[in-house]
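Please look through the sequence and the 3D structure below.

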Amino acid sequence: MSRKSYELTPRDVLFFRDARPMDVNKDRTDDIFNIGHGAYWPRPDQLFSAVIHELIRDPSVSERDWYGSVSDLRVTGPFPLKGEVLYLPMPLDWDMDLVAFDSAIGSTDIPAPLSAGFADRVVEKKVYPRWISRLDYQRYLEGRVGARNGKGQKEVDVPENEDVSLYGTEPRVGTTLDAATGASRRVAGKYESGQHEAEYLRLGKNVKMLCEVETEKADELGGHDVRFGGQGGMVRFEVSKRGLISELESLPKGETTRFVRWTLLTPALFAKGWYPNWLEETEGGARTGKVMLPTEKVLRRPGESRAAYRARMKVECHPFETARLIAACIGKAVAFSGYDSKDMEKPTELAVPAGSSYVFECATETEAENLVKVLNLKPLSDLGEKGLGLGVCSYVAEPKAFAIESTH
């Protein structure tokens, strides 16, 4: 298995659409309707699609066998790289305290099995960037938010905002062509037009995309122009001297405690919505929050039945005894869909956005350390092989008691 980090340089603007219909703006007074929203930072699964379609075009393999020629592909990223500075998604619990809810205060609307939540340290309007530098992210993991420039816990700590310089939206007008004649199409009607407008993604000056590709054919991408996203956008793959995974692995985790925070670097897709598939849910539908991931991998024996394997795995995988979910800070769901020639239209998916965080409590620090080994930088969601559900771990302090301050 080969693993390579690549810096991606677009040849022009790129198009990464969301799940909205292609014709949504019907309030325009002219004949041009905004029908394409593609100025979004690419998701890992879009990178996966671009890479695998490039790698399966192997002239030594017959077209019939293309889709079986690459079965071990894994991708990480992409993330913005401005000069030498790596940027990561803004954590949604930035400048927040973890607080425990006291049942004596009254009922809350937080879903089971959560027993704690997040409270802003400073109650005022705040505007945070979508991306923060690796150094700021390091402060977050170490629990030093609010310490920059001598700021205290009662003053807002806003990281430097580089969003505008990283990438922006560029609108372009196109002409709709008739498939039969190849000529410009003009259909009489309220919302029909021979022209359309689409929003494209343009990277800022000295900005690239940093990603990592793991597969036996990873070395074959260097120096290639690869079709990435829609509208035929092309990016140049150049081997990077910096290893993305190694750099993420070097991020600090803070002083060890019994409480582990798992913060998403990429969107995560779970069949149960915001609730990870690997947390316990009883047959009656009750959610306990217990971590059901194995601490040790158990392989299936030759000739062993599935039922026997599952029974043995429950015993030999040594699952966590006490690790359970106690808090979650979840952002607005990321909606995306797709289309291909085989499956045609794909259903809309709703993913937990990058920057969301989950906090787990363990009975001992030793179990917390083992939980970090299982969670840290492991893609733990549906489509995990495509880079979704990648999170970084850090230790946090025990939740503070929730208190209501008097306004008198």
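Helices (H or I, at least four residues) and strands (E, at least two) are DSSP runs, numbered from the N terminus. This is a predicted model, in which local features need pLDDT of at least 70 and side-chain atom pairs count only at pLDDT 80 or more, while totals for chains, interfaces and linings use all residues. Residues are numbered from 1 along each chain as its sequence is written, and side-chain values use heavy atoms, with hydrogens and water left out.

Begin with the backbone. Most residues other than glycine have a negative phi, and most peptide bonds are trans. Against that background, the bond joining G77 and P78 is cis, with omega about 10°. P78 belongs to strand 3, which covers residues 74–82. Another cis peptide bond runs from A112 to P113, with omega near 10°. P113 sits in the loop between strand 5 (96–100) and strand 6 (116–120).

Now turn to phi. L377 is not a glycine, yet its phi is positive, about 60°. This leucine lies in the loop between helix 6 (365–375) and strand 20 (391–396). L383 also lies in the loop between helix 6 and strand 20, and L383 has a positive phi of about 60° without being a glycine.

L377 has a relative accessible area of 12%, so L377 is buried. L383 is at 30%, and therefore counts as partly exposed.

Two strands pair if DSSP finds at least two bridges between them. Strand 14 (residues 279–281) and strand 15 (residues 287–291) pair in the antiparallel sense, over two bridges. E281 has R287 of strand 15 as its bridge partner. Five residues stand between the strands of this hairpin, and G285 takes a positive phi near 95°.

Last is the surface. Patches are made of residues with over 30% relative accessible area and no salt bridge, with like charges joined within 9 Å. A salt bridge is a side-chain nitrogen of Lys or Arg within 4 Å of a carboxyl oxygen of Asp or Glu. Lys and Arg count as positive, and the place of a charge is NZ of Lys or CZ of Arg. Accessible areas come from the Shrake-Rupley method with a 1.4 Å probe. R300, R306, R310 and K314 form a patch of positive charge on the surface. K314 lies in helix 5, residues 306–316, and K314 is exposed because its relative accessible area is 65%.

Definitions and conventions. Buried means under 20% relative accessible area, exposed over 50%, partly exposed in between (1.4 Å probe, protein chains only). Patches are made of residues with over 30% relative accessible area and no salt bridge: like charges are joined within 9 Å, nonpolar side chains (Val, Leu, Ile, Met, Phe, Trp, Tyr) within 5 Å.
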